[in-house]
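Good morning, and thank you for coming. Please look at the sequence and the model on the screen while I go through the main points.

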Amino acid sequence: MEYHKIASIDDPYFAKMHELMGRVFPLEEVLAFELWREPLLDPTIQVYVAVMDGEVVGATEYRYRPEFAVAMTDFTIVGRPGMGIGRFLLVQREAHLKRLETESGVPMLGMFAEIYDPAQLDENEAAGPVGPMHPAVRREVLSHLGFKRLDLAYVHPSWDHEGKAVTGLDLCFRPADDAVSELPATLAAGFLRWYYAALPNKPEAWERMVADLEGLERVPLLAI
């Protein structure tokens with residue numbers, strides 16, 4: 001299996017990755033094909049695919065932001081079960097993030113992730129065959145990896161640029177120190193404002209959520 005970096009939408013593997021994303025995620029969660037052109041030019045955005053026999057069988061996007069001392073895993077896709085793709089992507093990503101952390105000289109506090117909550121999804125979204133990308137399976141895997149959910153009612157702006165409030169997810173964090181049980185609220189709020197700065201249309205529910213965070217001192221981390 002090859003860990004291949006996607007740096008342009010002109011990379012032939014990008015189209016295969018984008019098609020895979022469309023099969024896994026709801027439409028409002030997938031940035032349109034052409035709108036990827038500019039983000040992929042950003043050297044801080046890491047997009048990699050797992051390639052086997054010329055086919056994209058998995059993908060992951062992540063980044064490390066020294067100004068916040070945190071990483072973010074945007075998505076991880078396992079395209080086929082029983083091939084160790086998830087483990088392969090995890091090992092490669094963790095090794096790369098460690099190099100990015102070392103190069104920055106800023107120790108990492110942990111990693112954010114948005115995680116689907118099957119209890120918040122409707123029957124169609126939460127149903128389907130149990131496989132590596134089923135919401136319940138993905139949530140349990142991330143729990144085993146040490147992710148905890150921030151104690152807030154989470155929404156985020158839709159990636160289709162229509163400004164809809166997307167629900168059904170939790171904002172989670174995997175602290176570098178597993179004993180950490182809360183985060184500075186300003187860290188979470190500042191990260192979210194940076195992370196979604198690229199989306200011009202943000203729903204009022206998101207603005208209220210971030211403003212409420214900014215009014216807190218700390219936010220608890222709960223089990224998922």
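The largest pocket of this predicted model holds about 1,200 Å³ of space. A pocket here is an open set of points on a 1 Å grid over the protein atoms alone, where a 1.4 Å probe fits and protein lies on both sides within 12 Å along at least five of seven lines; a lining residue has an atom within 4 Å of a point. Grid points are joined across faces, edges and corners, and the volume is the space filled by probe spheres set on the points. Of the 48 residues in the lining, Glu61, Thr73, Asp74, Phe75 and Thr76 are the closest to the centre of the pocket. The elements giving two or more residues to this lining are E3, E4, H2, E5, helix H4 (135-144) and helix H5 (185-195). These labels denote DSSP runs, helices (H or I) of at least four residues and strands (E) of at least two, numbered from the N terminus. By class, 31 lining residues are nonpolar, 7 are polar and 10 are charged. Ala, Val, Leu, Ile, Met, Phe, Trp, Tyr, Cys and Pro count as nonpolar, Asp, Glu, Lys and Arg as charged, and the others, Gly among them, as polar.

A word on conventions. Residues are numbered from 1 along each chain as its sequence is written, and side-chain values use heavy atoms, with hydrogens and water left out. As this is a predicted model, local features need pLDDT of at least 70 and side-chain atom pairs count only at pLDDT 80 or more, while totals for chains, interfaces and linings use all residues.

Let me return to Phe75, which is found in strand E4. Is Phe75 buried or exposed? Its relative accessible area is 9%, so Phe75 is buried; buried means under 20%, exposed over 50%, and partly exposed in between, with a 1.4 Å probe and protein chains only. Leaving aside neighbours within four places in sequence, Phe75 is in contact (heavy atoms within 4.5 Å) with Met17, Met21, Phe25, Trp36, Ala59, Thr60 and Glu61.

Met17 leads us to the largest nonpolar core. Of its 72 residues, Met17, Trp36, Phe112, Leu150 and Leu192 touch the most other members. Such a core is a set of buried Ala, Val, Leu, Ile, Met, Phe, Trp, Tyr and Cys residues joined through side-chain atoms within 4.5 Å. Beyond four places in sequence, the contacts of Met17 are Trp36, Val47, Val49, Val56, Ala59 and Phe75.

Next, helix H2. Its 20 residues, 85-104, should span 28 Å at 1.5 Å a residue, and its end C-alpha atoms are 28 Å apart, which agrees; the expected span is 1.5 Å times one less than the number of residues. Which residues of H2 are buried? They are Ile85, Phe88, Leu89, Leu90, Arg93, His96, Leu97, Leu100 and Glu101. Their cover includes strand E1 (2-5), strand E2 (46-52), strand E3 (55-65), strand E4 (70-78) and strand E5 (110-116). Glu101 counts as buried because its relative accessibility is 13%. With neighbours up to four places away set aside, Glu101 is in contact with Tyr64, Val106, Pro107 and Met108. After H2 comes Gly105, whose phi is positive, near 75 degrees.

Two further backbone angles deserve mention. Most residues other than glycine have a negative phi. Asp53, although not a glycine, has a positive phi of about 55 degrees, and is found in the loop between E2 and E3. Asp53 counts as exposed, at 76% relative accessibility. Ala69 also has a positive phi, near 60 degrees, and is found in the loop between E3 and E4. Ala69 is buried, at 11% relative accessible area.

I close with two loop residues. His161 has its place in the loop between strand E7 (156-157) and strand E8 (165-166), and counts as partly exposed at 28%. His161 and Leu199 are 38 residues apart in sequence, with their C-alpha atoms 6.4 Å apart in space. Residues touched by His161, beyond four places in sequence, are Leu31, Leu35, Leu199, Pro200 and Asn201. Glu34 lies in the loop between helix H1 (12-24) and E2, and is partly exposed at 48% relative accessibility.
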